[in-house]
Amino acid sequence: MLHHKLYAALAYGRENRLNRIVIDAPRARLGIITAGKSYLDVRQAFDDLGIDEARAAELGIRLYKVGMVWPLEAEGVRQFADGLDEILVVEEKRQFLEYQLKEELYNWREDVRPRVIGKFDEKGEWALPHGSWLLPAAGELTPAMIARVIAARIGRFHTSERIKARLAFLDEKEAALARPRTAIQRVPHYCSGCPHNTSTKVPDGSRAIAGIGCHYMATWLSASTTQTFCQMGGEGVPWIGQAPFTETRHVFANLGDGTYFHSGVLAIRAAVAAGVNITYKLLYNDAVAMTGGQPHDGVLTVPIIARQLAAEGVRQIVVVTDEPAKYSGKSELAPGVPVRHRDELDAVQRELREQPGVTAIVYDQTCAAEKRRRRKRGKLADPPLRVVINEAVCEGCGDCSEKSNCMAVVPVETEFGRKRAIDQSSCNKDFSCLKGFCPSFVTVEGGRMRQGKGVGPADFSDLPQPQIPMLNEPWGILITGVGGTGVITIGALLGMAAHLEGKGVSVLDMAGLAQKGGAVWSHARFADRQERLFAARVAAGEANAVIGCDLVVSASDESLAKMRDGFTRAVINSTHSVTSEFVRGFAAQAKTGDVAAHPDPQFPLAAMEQQIDEATGGRAEFLDASRIATALLGDSIATNLFMLGYAWQRALVPVSDEAILRAIEINGSAVEMNQRAFLWGRRAAHDPQAVAQAAMPAGAPEHRRLSQTLDEVIARRVEHLTAYQNAAYARRYRALVERARQAEATVAPGVALLAEAVARGYHKLLAYKDEFEVARLYAESDFLRQIDARFEGDYTLNFHLAPPLWAKPDPVTGIAAKRRYGPYLLAAFRGLAKLRVLRNTLLDPFRYSAERKRDLELIAEYERTMEDILAHLRPDNLETAVELAALPEGMRGYGHVKARYVERARQRRKALLEAFHLRRSSAAAVSPPVKQDPVALTE
């Protein structure tokens, strides 16, 4: 190696000109040496600064492209460096080329040796105080960063209006992105039904160490209990060094099955040798899920793992699974290895954390995404079971999100607050959400979902042809969206379409962990010939078009940076799509009951649309594409092709429609639906009103229609309370609301904030969901009609709840355990609903329960509070009064979950009342109240 092979490699590189000068100048002053992706970025930076090859030669710039980065061939380097004043090294990450270059040039005479800069300027890398990085070693270099450095280095002898304009734009864009703005992030999250939603949880008082794999996301999804991570094969090993120096007695370490097979068993062996107290949670997903669901490199089963762990000296091993029955009878597990249901995971972990030495849990549950693939391919049985939520019964407490951590549990805005629903298109049938302590969950067994029929065949022959963009200059399209929804497919289709037409094209997909519901970008660049394309990414401010398949990703810094006022045109899907923040926010609310500390997650639609509109100079269009595409084609997966068709009709795509349709055909997946989606997108751009009419839903549930006026809010609640109990009960409600309305009009004419807060809050307390009301909302609402509209065939309904008079408490938690009840329960609901006239009478069997007593106390407390507020209402304490009146909206859930919310609300009520009276007292001390004409108060 040292005597022959290195020198043979150097000779090979020199003979084949692997390193070569690609741009030269007669009197070169500045040399730039670069390799790989950085070379393309440098060429793009040249384009952005208006420097072509002729201009570079005129300015004295020499560009050296390195094809063999190690060892750096000396003869070519010295030829490149000859006559230069300065060399700029542009390379990703650490100083690999720069150090070699300095080594090659060090022994040159000082009068001929050029100055070398790269990661730092002339001051150098090691001078103190430490200077700023010129081209950072951490993260990715971009053409914009490189353009700034090149402009600065040649600025001593040249500048131009083009260079000044480019630098000014970059400064303006940086300043714009640095300004505070309303935004949410599309953070990667476990797939719906992912085993890690359950397997990565640890008992209270314990902590876990993350590893490499999808479960690494626990470091931000469960940040309070899972911290730090290490390299593949080092899972848990840091604990060997930490254990003797901490009061913590035990930790858990997450370890994926693919990593275990690769090298993770070595980490377990080291822990056994060290004798530390640690429990490895070996997450057996039956696939290498993080990188696309590939099979293991060899045979790996739970019995093999259990036997190997026993052979390594692991003291106690427990298999935890969602299918214990498959281990019944003759099992190949190691002797003494018990099998427990995943519902017992918390208890198992509590037991093992008390055991000395190394223990292990083999958590056996197939990857949710892999299950979905196998079901589609007919390789795995698809259980005839679906979960639905009765939105009228749901209290929006978030306990189902806390139990499942599932993205398929989505928020639904209704007249009576934010509720939950199951997104059937993303549900992978894990059923963890059923554990949420709520009677609103129903499973539909048998039958099948009614398939979306769309609107049937349509004639697209009359669509006009737009003017396809000319490729006199490269054309850049940024495609944004959510991982796993087909964003990358759009880039691939455009790439194939351009290839079919003989055009130059480059497509770069930015995904990674984004495939797990995170942000995805596809950069597509087009030119009349391939040689005109350099950097694969669309440069800052250089997106001719943005096809935004997701609003959240389109409004991110990464996307906004690519837009330019007056240059970029954008078409954006504005449909609300739940983010990880919603799931984690709901779970935090349910766990703590603290709505003030964990406020309801919001979807700032208007703010994000405004940011995109400003970035494009008003050249952005927004459409509810997911809803329209689903209605037209029966599946939300059609949305992205629909967006592509819309953008094409708007003349934003520089390839023909024939090429795109052919590319869809070549792709071979759902060809007919994808082609129709593209054509419907074209029609939506041409005739939006007709398409919106075609996609009009047959009729949404009445409770999803939101009231537009205060009078409507009150009227609908009066109607609801009349059905809830009787007309007298509704009159009681209306009387207090009207008093609040009159009092508010006295201190703040034209304002109705307090009145609306009372209208909503008082109703929520009066309409508390006792056993009678839950029964009524099943038996006398439109719930059964909704089920019939969504399912067909021979199906039965099962209800999952914990009736207070029959439910038995869990022996560990003490919480009433939910059970499944069959369709016969509907008859009981009908009978119980009719008995609501007994509510709070001596014949009411529920009136003496702690929950019902609490509900009545809350009503009485609220009425006393409102009496106090209305008697002392002033302009300066109106805002506090509104918050007090709205407190009931933060009291959510059933049983022990609602108890948490009520406790927090009562604490908040106490603090707000003190503030309310403090402001009143302070105002009275400064300005005594003026006696008013009683006639004026009634006008």
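At what angle do helix 27 (residues 727–747) and helix 28 (residues 753–766) pack, and how far apart are their axes? The first legend answers this. The model is predicted: local features need pLDDT of at least 70, side-chain atom pairs count only at pLDDT 80 or more, and totals for chains, interfaces and linings use all residues. Residues are numbered from 1 along each chain as its sequence is written, and side-chain values use heavy atoms, with hydrogens and water left out.

**View A. Helix 27 packs with helix 28.**
The angle is about 160°, and the axes are 8 Å apart. That makes helix 27 roughly antiparallel to helix 28. (Angles under 35 degrees count as roughly parallel, over 145 as roughly antiparallel, 65 to 115 as roughly perpendicular and the rest as oblique.) Axes are lines fitted to C-alpha atoms, for helices over the stretch in contact; angles run from 0 to 180 degrees between N-to-C directions. Helices (H or I, at least four residues) and strands (E, at least two) are DSSP runs, numbered from the N terminus. The crossing of helix 27 and helix 28 is right-handed. (A crossing is left-handed if the near helix is turned anticlockwise from the far one by less than a right angle, and right-handed if clockwise.) From helix 27, the contact includes Tyr729, Arg732 and Glu744; from helix 28, it includes Leu753, Tyr762 and His763. Contact means heavy atoms within 4.5 Å. By class, the contact of helix 27 with helix 28 has 12 nonpolar, 1 polar and 3 charged residues. (Ala, Val, Leu, Ile, Met, Phe, Trp, Tyr, Cys and Pro count as nonpolar, Asp, Glu, Lys and Arg as charged, and the others, Gly among them, as polar.)

**View B. Helix 23 (residues 657–667) packs with helix 24 (residues 671–686).**
Their axes lie 9 Å apart, at an angle of about 155°. Helix 23 is therefore roughly antiparallel to helix 24. Their crossing is right-handed. Asp657, Ile660, Leu661, Ile664 and Glu665 of helix 23 meet Val671, Asn674, Gln675, Phe678 and Arg682 of helix 24. This contact of helix 23 with helix 24 has 5 nonpolar, 2 polar and 3 charged residues.

**View C. Helix 16 (residues 487–500) crosses helix 22 (residues 639–649).**
The axes come within 9 Å and cross at roughly 45°. That makes helix 16 oblique to helix 22. The crossing is right-handed. Val487, Ile490, Leu493 and Leu494 in helix 16 meet Asn640, Leu641 and Leu644 in helix 22. The contact of helix 16 with helix 22 has 6 nonpolar, 1 polar and no charged residues.

Two strands pair if DSSP finds at least two bridges between them. Strand 2 (residues 30–35) and strand 3 (residues 61–66) run parallel, joined by 6 bridges. Ala35 stands opposite Val66 in strand 3.

Strand 12 pairs with strand 15 (residues 441–449) over 5 bridges. Ile389 stands opposite Phe441 in strand 15.

**View F. Glu58 and Arg55 meet in a salt bridge.**
The distance is 2.6 Å, N to O. Both residues lie in helix 3 (residues 53–59), 3 residues apart, about one turn of the helix. A salt bridge is a side-chain nitrogen of Lys or Arg within 4 Å of a carboxyl oxygen of Asp or Glu. By this rule the count comes to 81 salt bridges.

**View G. The peptide bond from Trp70 to Pro71 is cis.**
Omega is near -5°. Pro71 is found in the loop between strand 3 and helix 4 (74–81). Most residues other than glycine have a negative phi, and most peptide bonds are trans.

**View H. Arg17 and Asn840 have positive phi.**
For Arg17, phi is near 50°. Arg17 lies in the loop between helix 1 (5–15) and strand 1. For Asn840, phi is near 65°. Asn840 lies in the loop between helix 31 and helix 32 (850–871).
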